[in-house]
Amino acid sequence: MIYSVLYSAILLSSIGVVAAVVLFIVSKKFYVYENPKISEVEDVLPSANCGGCGSPGCRAFAERLVGSEDISELFCPVGGNDVMKQVADILGKEVAEKDPTVAVVRCQGGCEVRPKTTEYQGPKSCAISALIYSGETDCQFGCLGDGDCVNVCQFDAMYMDDNGLPVVITDKCTSCGACVDACPRNIIEMRPRNKRDLKVFVGCLNEDKGGIARKACNVACIGCSKCEDVCPKDAISMNNNLAYIDAELCTLCRKCVDVCPTHSIIETNFPPKKVKTPKPEEETVAVVKTEAKVESVNNETNA
Amino acid sequence: MLKTFPKGGVHPEENKLTSSKAIKRMPVPKVVYVPIAQHIGIPAEIIVNQKDKVQKGQVVAKSGGFVSSNIHSPVAGTVTKLDMIVDTSGYKKQCIVIRTDEKDESNQEIPEFPLKKEITMEQKDILQHISDSGIVGLGGATFPSHVKLDLKNDNKVDYLIINGVECEPYLTADHRLMLEKAEEIIVGIQILMKALHINKAVIGIENNKRDAIEVLKKAAADDDRIQVAALQVKYPQGSEKQLIKAIIGREVPKGGLPMDVGVIVHNVGTIFAIYQAVQYDQPLTERVVTVTGKNLEKASNFWVKIGTPIKDLVEEVGGLPEGTRKIVNGGPMMGKAIKNTDVPVTKGTSGILVISEDEASRQEPENCIRCGKCVFVCPMGLEPHLLMNLTEKGMYERAASEDVMTCIECGSCSYVCPSHRPLLDYIRFGKSIVKKLNTAKN
Amino acid sequence: MADPIIISASPHVHSNKSTKNLMYDVLYALIPAFLVSIYVFGVSALVLTSVAVASCVLFEYVIQKYLLKTTVTVSDGSALITGILLAFNLPSNLPIWMIILGSLVAIGVAKLSFGGLGYNIFNPALVGRVFLLISFPVQMTSWPTAVENNTTLVDAVTSETTLGIIKEGLMYGDTMTTISEKLPSTIDLLLGITGGSAGEMSALALILGGIFLLARKVITWHIPITILVTMTVMTGIFWLINPEQYANPLIHLLSGGAILGAFYMATDLVTSPMTKKGMIVFAIGIGVITVVIRLFGAYPEGVSFAILIMNAFVPLINKYFKPRRFGSPIKSKIV
């Protein structure tokens with residue numbers, strides 16, 4: 001009886017000893033030196049592993065940060081300036097500072113305004129259907145509606161609305177840029193995000209001539225140039241029958257929004273306009289202008 | 001035992017409804033829409049302006065490089081505009097719109113070209129003529145023909161194979177052409193043999209076209225260098241690589257061209273176009289198109305001007321029948337569904353297939369039951385189920401190492417899958433990504 | 001406007017074979033064997049089969065609908081086949097609750113826990129059968145006698161299978177010559193007038209169904225023929241060495257679940273390799289393991305185990321036995 005107890009005790013402890021020795025030898029023999037700063041930097045990074053920085057994950061990005069001489073080109077869009085500042089403190093290197101951005105969807109062609117002329121059958125993926133043809137509607141620039149952007153978003157910051165269009169939840173968007181890459185139509189763009197998330201941008205990419213574009217979609221940009229004419233800051237440029245608003249120059253005055261005949265220019269998060277009577281409208285515009293100025297001043301000070 | 005390729009293949013319902021219908025000539029359309037990208041490679045460059053008068057057969061877009069092709073005006077008329085038109089790719093592409101001049105006599109006369117057997121042209125001129133005449137592979141791949149004929153010295157080509165297989169169901173354009181223009185095709189073959197110094201030519205025809213085999217055998221009786229091979233009916237025998245394997249047993253190496261095994265393959269339609277170009281200096285401005293569908297009463301084969309809107313063709317056979325849900329440019333296995341009937345006929349249009357409601361819809365895909373049918377039917381020895389899985393999961397490099405790029409997109413896997421899985425859709429997507437990755441690497 | 005035009009990628013036609021077709025073809029192929037089992041074992045075979053089928057289908061429905069909350073795929077017929085194949089592998093006098101338990105293991109554990117049709121690694125019916133065999137060895141190995149010739153056999157209630165008789169006889173030191181007197185004749189084996197599981201006895205009926213499956217191209221010849229050939233060769237060698245110790249190949253082929261296994265279980269689309277080369281390797285494996293278990297193992301019968309063991313190797317086989325890519329250089333033989 002006692003022997004069996006003893007026997008098992010000895011056996012177990014000897015297995016333990018042998019295993020310990022083997023583990024010890026292996027850990028010494030196969031030890032790989034690693035810069036401790038990599039782990040330190042990794043701890044600071046947001047651990048989202050989204051790939052927004054261009055590296056396959058936060059660890060890989062940390063290795064790149066530690067390994068590269070000049071890291072001013074590298075940026076973690078999710079962590080933003082705060083994280084990059086901490087990285088800079090750890091590594092003692094210069095980092096670039098970037099204005100925060102947010103993804104916007106530049107297509108308003110939902111089911112109601114952009115009639116479907118064909119029916120697509122096949123895998124529900126924009127990338128695959130884009131290989132076969134230009135989409136279910138007559139607009140070959142607009143959203144395909146199969147939600148590749150929503151599928152790649154790791155932060156649940158996008159969803160498809162009832163109209164079949166993707167919507168960005170601004171608060172959740174980390175501007176990792178995955179959706180931008182996923183969209184075969186380049187509909188999603190990263191635009192600067194200011195404090196109250198005020199944005200003015202053209203919600204259309206249709207380069208067709210006005211009549212054709214309008215026939216395909218009620219809210220298409222028809223290339224009439226009215227917005228270009230009205231813009232006081234020359235922020236709007238016309239290319240291939242399509243307006244584009246340069247966010248750097250735009251002061252968010254919203255004059256273009258008012259003149260657009262097809263309502264293809266989108267404004268977000270502005271306070272609702274007071275109805276009619278020209279005077280108060282001027283006021284609001286003025287208010288917005290001052291706000292915008294304050295905003296841009298803020299941005300400048302940040303920069 | 002008839003010859004065929006050894007591995008894979010399927011045998012879809014043949015449905016050759018129009019094989020007994022002689023080729024009719026379509027009336028000259030009022031307006032033609034001539035896309036500048038009708039071939040594989042660089043699009044042609046437009047050399048006419050709006051309001052220019054053009055002659056029938058005049059070059060309107062010049063070859064944009066080596067792998068490119070001239071495009072000629074199919075009618076005499078006026079260029080009304082240079083516009084973006086949805087073509088067979090499903091996207092808007094640059095197009096030359098030409099309004100036919102109804103008074104011009106050259107539009108009215110029906111060209112008559114008596115058989116001309118004597119080949120007077122020199123070798124160099126022949127090749128130049130083929131290149132100038134805008135001839136591309138008329139089987140559907142639309143690969144510029146002069147590129148295939150441009151032999152490097154180190155490539156020893158000893159076989160010319162003529163593709164009269166027409167393995168796609170429904171299509172009968174090549175079949176009718178072989179029946180009606182057999183002599184011309186033989187002369188065309190002789191032209192190519194002269195130009196390339198080849199002494200052996202084989203015409204491959206599937207055994208469901210017995211009449212064509214007989215006619216061509218008779219036409220080729222004088223020339224013992226030209227043989228006619230009857231082949232077992234199996235799809236995709238019309239694919240170059242499968243056809244070479246079936247007829248002379250040589251296997252084009254992975255990623256290689258038929259030239260690498262000393263073979264050049266041309267479609268019978270291309271051969272006829274070459275005959276026209278060399279003997280009568282006629283550029284490629286028309287082709288045979290099969291307009292077919294189970295519900296079309298007047299389905300037939302037509303000589304059609306390049307650029308004719310498919311609408312006109314459909315009118316010619318009595319309009320779209322009720323319940324039409326799909327219009328395919330090409331055959332049912334490899335053709336492309338088109339968005340509307342405004343799409344013009346291009347050099348690659350071998351047929352227009354109208355599919356009705358009950359056959360147009362795809363079935364809902366189910367789980368893969370790993371039956372391996374896709375593996376058995378793949379003529380290239382690939383594993384479509386695996387490739388689809390890898391593409392679906394974004395493992396493109398793995399897919400590349402599983403030879404996704406050798407897929408010939410014949411569609412046999414999707415055709416046979418009992419779970420109705422969109423195998424080819426994913427493989428095609430995987431190919432496009434791998435292609436991008438490869439170009440990025442280089 | 002009418003329904004819009006459909007755009008989809010090529011091909012625009014499809015062979016009219018669907019998963020459902022394949023499954024129902026297997027069902028039709030099993031009819032002759034089912035009729036024979038009813039003829040031989042009477043009502044009990046009918047009860048056994050209907051209980052197994054009903055419980056398999058019910059379990060699949062209940063688990064998919066209420067537990068997994070996914071789409072219910074009962075109508076594809078695969079649960080039906082699992083039920084029938086399970087029943088064919090059980091003695092017809094098995095208590096009903098055991099049949100139900102076996103169905104639960106087959107459908108719930110072997111099939112749905114892996115993700116349903118197409119994802120299971122092991123043949124569900126065989127998992128159910130082996131589970132029962134290991135859990136209830138006594139009930140699972142006391143076969144009812146055939147209705148017709150129960151008087152000629154030693155035990156009036158239960159009988160041994162052919163292979164069981166051989167194994168037991170050899171254990172007691174009998175030679176094949178003495179044992180063979182107790183064995184049913186080859187004709188009986190062919191027709192199925194013998195003891196055994198409900199559906200495995202009549203080789204003729206099973207082969208008939210197998211030919212139907214081959215003709216309908218549901219299965220290819222590679223697996224069944226290779227299994228049978230391998231078994232013949234292996235048992236033949238042993239028989240030639242010592243006919244007193246080893247039964248002749250014919251007995252091995254016609255008895256036990258060899259035919260049933262070769263034509264219906266090993267060829268299960270989901271759990272067999274996807275290339276022809278792989279199929280042959282897979283089948284040789286089954287043949288060898290079956291014979292090894294039969295001749296040297298503790299169990300008289302080994303087809304079920306052999307198939308399950310080889311099922312586990314299928315992913316590996318799929319990985320290493322790929323079809324030859326068109327145009328790839330022909331490998332010179334390894335020197």
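1. Eleven residues of chain A are in contact with twelve residues of chain B (contact: C-beta atoms, placed from the backbone, within 7 Å). Helix H5(A) gives the most to chain A's side, with four residues. That side divides into six nonpolar, five polar and no charged residues (nonpolar: Ala, Val, Leu, Ile, Met, Phe, Trp, Tyr, Cys and Pro; charged: Asp, Glu, Lys and Arg; polar: the others, Gly among them). Helices here are DSSP runs of H or I, at least four residues, numbered from the N terminus.

2. A word on the source: this is a predicted model, where local features need pLDDT of at least 70 and side-chain atom pairs count only at pLDDT 80 or more, while totals for chains, interfaces and linings use all residues. Residues are numbered from 1 along each chain as its sequence is written, with chains lettered from A and ligands numbered from 1 in the order in which they are written.

3. Now look at H10(C), residues 203–215. Ala203(C), Ala205(C), Leu206(C), Gly209(C), Gly210(C) and Leu213(C) are buried (20 or more other C-beta atoms within 10 Å of a residue's own; exposed means 12 or fewer, partly exposed in between).

4. After H10(C) comes Lys217(C), with a positive phi, near 60°.

5. Over in chain B, Ile274(B) touches Ile130(B), Ile135(B), Gly188(B), Ile191(B) and Leu192(B), leaving aside residues up to four places away in sequence.

How values were computed:
Two residues are in contact if their C-beta atoms, placed from the backbone, lie within 7 Å. Helices (H or I, at least four residues) and strands (E, at least two) are DSSP runs, numbered from the N terminus.
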